[in-house]
Amino acid sequence: MEPTRREIVQMLVALGVIPTALTQPSIGAIGAGDVKGALAIQGRPLADDDVEVVRRALQWSLDRFQPVRDLEIDDAVVPAVTFVPRSR
Amino acid sequence: MADELVLKNARELGEVLRRRQVSAMEVVEAFVARIEALNGTLNAFITITAEHARQRAREVDTEIRAGKYRGALHGIPYAAKDVLATRGIRTTNGSKVTAEWIPDHESTVTQRLNDAGAVLIGKLNLREFATGSGVLSGFGTVHNPWAPGYSPAGSSSGSGAAVAARMAPVTIGTDTGGSIRGPAAACGIVGLKPTYGRVSLYGVTTLSWSLDHAGPMTATVDDAALTLQVLAGRDPKDPAAASAPVPDYPAALREGLKGVRIGLPKRHFTEGVHPEIDAAFRRALEVLEMSGARVVTVDIPHGDLAPAAGALIAMSEAAAFHEKRLRDSPELFDPLVRERLLTARFYPAIDYIKAQRLRTILQTEVSDAFSSCDVIAVPAYPSLTSRLEAPEVARTDVRATETKGVYRASNSYIANMAGIPALVLPCGFSAGTPALPIGLQLYGRLFDEPMLFRVGHAYQQATDWHQRHPPIPAAR
């Protein structure tokens, strides 16, 4: 089986060919304005203290999720949860 | 006499009850006394249903005297994580938000245990709504019976601590990303997360519709098999409950390990493991080999992504489930739970779907791995349980010192993501003081709980970790 792009990157990091930092997301950090903008879309207010709580935790969560975002998935792969029609 | 009774496992208690060597009332009184003696130290129980249990014990004794013996759990005390609805009995979800909720319905799990003659002796503490750290949860944190002041893990913290401290021979936990198996490992007991849909979730407060499971926590694999026998089966009240036939689980215990293939993942699951855990895990594999099994190498290439994707799915679904409660009374939530639920409102839908597509990939990879083995063995937890966090630390997931990289909380999420059954059992203790339990985790094929029981029971026949009890801590 051919190695995936992710596996090649992991291998190159392990060998020290490319630094770990280069494999990290290149997008900017999430700011309070980003959270407030999203709140406007959601139509739900949030206290300023909570905006800061969300900003920090959202950055942490999405950094953690970044390797999944980086994953290339074949078009044929469907989500595990699908609609099942049934009557009561 | 009472001390002897609480040290018996469910199978042994059932035997002395059936032979009428002891009454159900004596058994209930022994466990109630044990709970009252230790709960001040461990905080494992939120509600002790002593009078309810005495009433039930009188009924059980009448039935058994009349020759109406219902089976192995007849007269056996049990306790349920306080997310399982119990009709007329307060069900708090470990939260101030629902602290006074008295359900008008019974969860299918507790109903089936009651129908089998088991006796509810209480509702167990947990991390609020089955998530969070537990330190700031609505009813306070649970302490590890092996070392009060240390974490029992979670979210089924009380379920793990109660069995380890012999406050109940059988408890029920729930598991969305390891919440049965983490406490089982940390408390040195057996915990089973069954196949998705094997046990009905009707009447169990949701954390994540697509990842939630309920299952038994016991001192022995044998007791877990006895309990699953009662819990398993289709349920018209739960559309996700599976209609697959329920096999004879205890029968699997009679088969040995000759010819059984144990899959050892070649990466991810055995990496970054504490040296003492790694050593205990390797010794456990040797024991299984000496018992007739054969170890083969397997691979789940994307297994390392399961925790990050699973956590995103779980909290996205939890945020949807708790949306109204969070809007109406945010101040009543544990700060960490509140942080997680608020944050999940901002996860893009495309990330949720991608995580669910990864889940399909993981299902395929796990299925492929099982083409060359019968169970997969991994360390239950990569690190030893730690001291309970200080409240200021327990308020948030964000750690200033944390490094970026692939998130690796445990080896548990893969089983929730793939829906496969997973069994944790004790396989040693750490060398230092306090000596902390170490767990072995076995994954099985979908609906192949019998193979897990077969391997787990054979391991317990060859070792005595499950027979050890924590020293009784003094009440505070």
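**Figure 1. Three salt bridges are counted between chain B and chain A.** The model is predicted. One of the salt bridges joins A:Arg44 to B:Glu323. The closest N and O atoms of A:Arg44 and B:Glu323 are 2.5 Å apart. Polar contacts across the interface of chain B and chain A come to 13 residue pairs, with both residues at pLDDT 80 or more. On the side of chain B that touches chain A, at least two residues each come from α11 (306-321), α12 (323-328), α13 (335-344) and α14 (349-369). Helix α14(B) gives the largest share, 11 residues. By type, this side of chain B holds 18 nonpolar, eight polar and 14 charged residues.

**Figure 2. Chain B and chain A bury about 3,600 Å² between them.** Carbon and sulfur atoms account for 62% of that area. In chain B, the residues that lose the most area to chain A are B:Phe346, B:Lys354 and B:Arg357. Together these three make up 20% of what the chain B side buries. Contacts link 40 residues of chain B with 35 residues of chain A.

**Figure 3. Strand β6 of chain B pairs with β4(B) and with β5(B).** Strand β6(B) covers residues 214-218. Is this strand enclosed or open? Five of its five residues are buried, so β6(B) is largely enclosed by the rest of the structure. Strand β4(B), residues 170-174, runs antiparallel to β6(B), and the pairing has five bridges. Strand β5(B), residues 190-193, is also antiparallel to β6(B), with two bridges. B:Thr171 stands opposite B:Met217. B:Gly191 stands opposite B:Met217 as well.

**Figure 4. B:Trp209 sits in the loop between β5 and β6 of chain B.** Its relative accessibility is 45%, so B:Trp209 counts as partly exposed. Which residues does B:Trp209 contact, leaving aside neighbours within four places in sequence? They are B:Tyr196, B:Glu317, B:Ala320 and B:Phe321. B:Thr176 is 33 residues away from B:Trp209 along the chain, and their C-alpha atoms are separated by 9.1 Å.

**Figure 5. Two cis peptide bonds are shown, one from B:Gly154 to B:Ser155 and one between B:Thr433 and B:Pro434.** Most peptide bonds are trans. For the bond from B:Gly154 to B:Ser155, omega is near 15 degrees. B:Ser155 belongs to the loop between β3 (119-124) and α6 (157-164) of chain B. For the bond joining B:Thr433 and B:Pro434, omega is about 0 degrees. B:Pro434 lies in the loop between β10 (422-429) and β11 (437-444) of chain B.

**Figure 6. B:Arg166 has a positive phi, and B:Phe447 has a positive phi too.** Most residues other than glycine have a negative phi. Phi of B:Arg166 is near 60 degrees. This arginine occupies the loop between α6 and β4 of chain B. Is B:Arg166 buried or exposed? Its relative accessibility is 5%, so B:Arg166 counts as buried. For B:Phe447, phi is about 65 degrees. B:Phe447 is placed in the loop between β11 and α17 (449-462) of chain B. At 30% relative accessibility, B:Phe447 is partly exposed.

Key:
Residues are numbered from 1 along each chain as its sequence is written. Chains are lettered from A and ligands numbered from 1 in the order in which they are written. This is a predicted model: local features need pLDDT of at least 70, side-chain atom pairs count only at pLDDT 80 or more; totals for chains, interfaces and linings use all residues. Side-chain values use heavy atoms; hydrogens and water are left out. Buried means under 20% relative accessible area, exposed over 50%, partly exposed in between (1.4 Å probe, protein chains only). Helices (H or I, at least four residues) and strands (E, at least two) are DSSP runs, numbered from the N terminus. Two strands pair if DSSP finds at least two bridges between them. Contact means heavy atoms within 4.5 Å. Buried area is the accessible area (1.4 Å probe) that two parts lose on being put together, summed over both. A salt bridge is a side-chain nitrogen of Lys or Arg within 4 Å of a carboxyl oxygen of Asp or Glu. A polar contact is a pair of N or O atoms within 3.5 Å; within protein, one must be able to donate a hydrogen and the other to accept it, and residues adjacent in sequence count only if both atoms are side-chain atoms. Ala, Val, Leu, Ile, Met, Phe, Trp, Tyr, Cys and Pro count as nonpolar, Asp, Glu, Lys and Arg as charged, and the others, Gly among them, as polar.
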